[in-house]
Amino acid sequence: MPTVSTTGKPEGADDATLTVDELSARVGMTVRTLRFYAGRGLIPPPIRRGRVGYYGAEHIARLDLVRELQAHGFTLSAIEGYLERIPADATPEDIALHRTLLTPWMRDLPETLDRAALVRRTGRELSDDDIVALVALGVVEPTPDEDVFHVATAHLGLGAELLDLDLPVDAVLAVTRIFSEHGKALAEELTEVFRTMVWPHYRDSGGAPEHIQQLVERFKPVTIQGLVIAYERAVGETQRETIRRTQSKRAKR
């Protein structure tokens, strides 16, 4: 059941019932911030009834999503780009889906490290090519300050292991491009499956939000493991096909 404000209006109802002051109190943002966000298109215009504008559940859901994206380090421009991909007719439940998915899938916020600290963390000297490779892998991101980086520390160990393989920088860039292109396509298709099949099932099950959040968090490692298995099978099949082609060519000689 929705809570009721001091004016007797149901807060968070689907119809727009909140004035800008009530919305401000509901989401914990100043009126000035709300109007700034509205001006940037982060939330739709209020519903006008006479001279008064009213806000509803969609505005609350979008503002909650904006706050979640900010907590994960998104710039205002990046948030605008993210919200542009959400259909204008998205329901509050659809918008809440994006917020629910953020926490388990978003990597930890980066740490800011200078080059000396980065060397200590990796346990090895880092050449300029090593830094370029780490940037290509998405483990390290340059900052405006020289030799100061934003570092995804959760993935730094893997980055160091790849450096130990002494791969050419061009090879690292090529591999990163392949992972990025195919990873984006996989993410878009899996997100669509989750949106149209998994999420409606969870939502209609009547489970508590905390339970649904736990299910979403478990969905991530299961999906990743499925991708690993599929990749291993594909590599094995590719190797077998290469051997078959090689043997066929030899037999024709």
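I take axes as lines fitted to C-alpha atoms, for helices over the stretch in contact, with angles running from 0 to 180 degrees between N-to-C directions. Helices (H or I, at least four residues) and strands (E, at least two) are DSSP runs, numbered from the N terminus.

I note that this is a predicted model, in which local features need pLDDT of at least 70, side-chain atom pairs count only at pLDDT 80 or more, and totals for chains, interfaces and linings use all residues. Residues are numbered from 1 along each chain as its sequence is written, and side-chain values use heavy atoms, with hydrogens and water left out.

**Entry 1: α7 and α9**

I looked up how α7 lies against α9, and found that their axes come within 9 Å and cross at roughly 5°. That makes α7 roughly parallel to α9; the classes are roughly parallel under 35 degrees, roughly antiparallel over 145, roughly perpendicular from 65 to 115 and oblique for the rest. From α7, the contact (heavy atoms within 4.5 Å) is made by D129, V132, A133 and A136. From α9, V169, V172, L173 and T176 take part. I record six nonpolar residues, one polar and one charged in this contact. Here Ala, Val, Leu, Ile, Met, Phe, Trp, Tyr, Cys and Pro count as nonpolar, Asp, Glu, Lys and Arg as charged, and the others, Gly among them, as polar.

**Entry 2: burial in α7**

Which residues of helix α7 (residues 128-136) are buried? I find D130, I131, A133, L134 and A136, where buried means under 20% relative accessible area, exposed over 50% and partly exposed in between (1.4 Å probe, protein chains only). Their cover includes α6 (115-122), β4 (140-142), β5 (148-151), α8 (156-164) and α9 (169-204). Just after α7, G138 takes a positive phi of about 85°.

**Entry 3: α1 and α3**

I then turned to helix α1 (residues 20-27) and helix α3 (residues 57-71), whose axes come within 11 Å and cross at roughly 45°. That makes α1 oblique to α3. The contact joins L23, R26 and V27 of α1 to I60, L63 and R67 of α3. Its residues divide into four nonpolar, no polar and two charged.

D147 is not a glycine, yet has a positive phi of about 60°. I place D147 in the loop between β4 and β5, and D147 is partly exposed, with a relative accessible area of 34%. D166, also a residue other than glycine, has a positive phi near 55°. D166 sits in the loop between α8 and α9 and is exposed, at 67% relative accessible area.

**Entry 4: the aromatic pair**

How many aromatic pairs does the structure hold? I find one; rings of Phe, Tyr and Trp (its six-membered ring) pair if their centres lie within 6.5 Å, and planes under 30 degrees apart count as stacked, over 60 as edge-to-face and the rest as tilted. The rings of F36 and Y37 have centres 6.1 Å apart and planes at 45°, so the pair is tilted. F36 is partly exposed at 42% relative accessibility, whereas Y37 is buried at 8%.

**Entry 5: R121**

R121 belongs to helix α6 and is partly exposed, with a relative accessible area of 45%. Leaving out residues up to four places away in sequence, I list E111, L113, T153 and L156 as touched by R121.
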